[in-house]
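Hello,

Here is the structure I promised to pass on. Please open it first, then read the notes below.

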Amino acid sequence: MPVAPTPTQPKRSRARLIQQGLLLILVGLACLTVYQWYTQRESELRVEVTKTPGGWGYDILKNNKLVIHQPTIPGQPGMVGFTSQEQAQRVGERVVEKIKQTKALPTLTNEELRQLGVKIP
């Protein structure tokens, strides 16, 4: 046989509903904060391709501050730039990947440059 609700039960269920609602809002805000932090962290580094006297080069910026200025093909003698804007972009993006992986300033081998489509002079 069901028991009749006492006068305090509606107050308890309302309080419980408010607690659950607040908990849901807090969980939502926490998820949003983590998402914004993660997406901001991933987009901190970016590549800007620049025209140089020797061809094309790239800059790596972190939070809009210059980290690497590379006006020439890295590791090559002389002042020889990339022959195309696309080459400079590909190599700059590879450098960003390496920075994210190692958290240090990267180096690129001639083989890696060839794999990225750079013709080594």
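**What turned up**

Q89 sits in helix α2. Bear in mind that the model is predicted. Setting aside neighbours within four places in sequence, Q89 is in contact with V47 and V49. D59 is 30 residues from Q89 in sequence. In space, the C-alpha atoms of Q89 and D59 are 9.5 Å apart.

Next, the aromatic rings. The structure holds one aromatic pair. Its members are Y58 and F82, with ring centres 6.0 Å apart. Their planes meet at 40°, so the pair is tilted.

Where do Y58 and F82 lie? Y58 belongs to strand β2, residues 55-62. F82 is in the loop between β3 (65-70) and α2 (85-102). The pair therefore ties together parts that are 24 residues apart in sequence.

Are Y58 and F82 buried or exposed? Y58 has 2% relative accessibility, so it counts as buried. F82 has 1%, so F82 counts as buried too. The cut-off for buried is under 20%.

Last, the surface. There is a nonpolar patch of about 740 Å². Its residues are I18, L22, I25, L26, L29, L32 and Y35. One of them, I18, lies in helix α1, which spans residues 9-42.

Best wishes

How values were computed
Residues numbered from 1 in each chain as written. Predicted model: local features only at pLDDT ≥ 70, side-chain atom pairs only at ≥ 80, totals over all residues. Heavy atoms only, no water. Phe/Tyr/Trp six-rings, centres within 6.5 Å; stacked < 30°, edge-to-face > 60°. Helix = DSSP H or I, 4+ residues; strand = E, 2+ residues; numbered from the N terminus. Buried < 20%, exposed > 50% of the residue type's maximum accessible area, 1.4 Å probe, protein only. Patch = residues over 30% accessible without salt bridge, like charges linked within 9 Å, V, L, I, M, F, W, Y side chains within 5 Å. Areas by Shrake-Rupley, 256 points an atom, 1.4 Å probe, with all protein chains shown as cover. Salt bridge = Lys/Arg side-chain N within 4 Å of Asp/Glu carboxyl O. Contact = heavy atoms within 4.5 Å.
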